[in-house]
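Please read it alongside the sequence and the coordinates shown here.

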Amino acid sequence: MYFHKPRHGQRIPASEITSRQVYDARRDWLKTAGALGLTGLGLSAAVQAQTAGPGKLAKLPGVKSTVAGATVMEKLTAYKDVTSYNNFYEFGTDKSDPAENAHTLKPRPWSVVIEGECAKPGRFGLEDLLKVAPMEERVYRLRCVEGWSMVIPWVGYSLSELLKKAEPTGKAKYVEFTTLADKAQMPGVRSGVLDWPYVEGLRIDEAMHPLTLMAFGLYGEVLPNQNGAPLRLVVPWKYGFKSAKSIVKIRFVEKQPVSSWTKAAQQEYGFYSNVNPTVDHPRWSQATERRIGEDGLFAKRRPTLMFNGYEAQVGQLYAGMDLKKNY
Ligand code: MTE
């Protein structure tokens, strides 16, 4: 069966794909759990292994997402790796720093200010934000600009659901996201490694794209602090740094925002930062990636996919654009 042979190393081996049965069982479980408010009791080991975090944090189950491309059928990155190998410079620059230091972050009470070019600005408390739309489970690839990737089952809803509530005006061409910068809770903010607060931005059509996720949880539980509690962005076709953690402000603006990373090194981190294996970072290639958890001696790097594998969903957003210039 020649069509099962790997081509250009891009085919996913069967062993990497979450079995459909296990996957569907997980789905059904999440639905039931959501409806009944159950915990992980009485599940088969296989389903539990796919669904559950360690059960340390509050449950946050989601229903199956109907958004095209919202579910990648690849082996999930282990919860342990998702929560111990992080970039969250407000808590230090080593990968292990956030897991060690982020216990000082207080994710409740929390609120987000929505302002700028919109008819209904305001301050929204976390409890209200949680209720804006039904929580969905979405399994996305996350590709860091540094060359590693993970597959994470997020829980949240499309950012567009929240943005629509504020009724952006015709002048809202971009959306700027500002995250918490509190020296008392975040030891890294005392360092000058970035210009705090951490700021990111999206074009309005990118922000409104259904794949752009306002995430409140992962692995069926609320977000661990080191992953950006209590709410963060996940923009799966862009390098991970676009996915701002612990957001406190969302602002509709007319001009393209300047992100913290662009300020730090403009020639290295552009506004778009779409995952693109044909456009290298000035200091390294972006053609391949290391999947976290596949670190054995013989583990092969994976080819990086255009738009991180979401080209069918988002390619149109960039029709006619020179992606080498607009990196
Ligand atoms: N958000 C804030 N506020 N501070 C950060 O340092 N790091 C970014 C992004 N969001 C970062 C942030 C980077 S570089 C990546 S790759 C992802 O978060 C990592 O998310 P994860 O730790 O949940 O995998």
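## Ligand site

In this predicted model, a polar side-chain atom of Arg-232 lies 2.6 Å from an oxygen atom of the ligand, and a polar side-chain atom of Lys-245 lies 2.7 Å from an oxygen atom of the ligand. On the backbone side, a polar atom of Asn-87 is 3.2 Å from a nitrogen atom of the ligand; a polar contact is a pair of N or O atoms within 3.5 Å, and within protein one must be able to donate a hydrogen and the other to accept it, while residues adjacent in sequence count only if both atoms are side-chain atoms. The ligand has 540 Å² of accessible area on its own, and the protein covers 98% of that area (Shrake-Rupley method with a 1.4 Å probe; for residues, only the protein chains shown count as cover).

Around the ligand there are 15 residues, of which Asn-86, Tyr-89, Glu-90, Arg-232 and Lys-245 are the closest (a residue is near a molecule if one of its heavy atoms lies within 4 Å of it). This shell divides into six nonpolar, six polar and three charged residues, where Ala, Val, Leu, Ile, Met, Phe, Trp, Tyr, Cys and Pro count as nonpolar, Asp, Glu, Lys and Arg as charged, and the others, Gly among them, as polar.

## Basis of the model

Residues are numbered from 1 along each chain as its sequence is written, and side-chain values use heavy atoms, with hydrogens and water left out. Because the model is predicted, local features need pLDDT of at least 70 and side-chain atom pairs count only at pLDDT 80 or more, whereas totals for chains, interfaces and linings use all residues.

## Chain and core

The chain contains nine helices and 13 strands (DSSP runs numbered from the N terminus, helices being H or I with at least four residues and strands E with at least two). Of its 327 residues, 51% count as buried, that is, under 20% relative accessible area, with exposed over 50% and partly exposed in between (1.4 Å probe, protein chains only).

The largest nonpolar core has 82 residues, and Trp-154, Tyr-157, Phe-177, Phe-216, Trp-237 and Ile-250 touch the most other members; such a core is a set of buried Ala, Val, Leu, Ile, Met, Phe, Trp, Tyr and Cys residues joined through side-chain atoms within 4.5 Å. Strand β5 (residues 148-158) gives the most to this core, with seven residues. Beyond its neighbours within four places in sequence, Trp-154 has contacts (heavy atoms within 4.5 Å) that include Glu-136, Tyr-140, Leu-213, Leu-223 and Arg-232.

## Loops and backbone geometry

Tyr-239 is found in the loop between β10 (232-234) and β11 (247-253) and is buried, with a relative accessible area of 6%. Its C-alpha atom and that of Asn-276, 37 residues apart along the chain, are separated by 9.1 Å. Ser-246, in the loop between β10 and β11, has a positive phi near 50 degrees and is buried at 0% relative accessible area.

Asn-308, in the loop between β13 (302-303) and α9 (311-314), likewise has a positive phi, near 60 degrees. Cis peptide bonds join Arg-108 to Pro-109, with omega about -10 degrees, and Ala-229 to Pro-230, with omega about -5 degrees. Most residues other than glycine have a negative phi, and most peptide bonds are trans.
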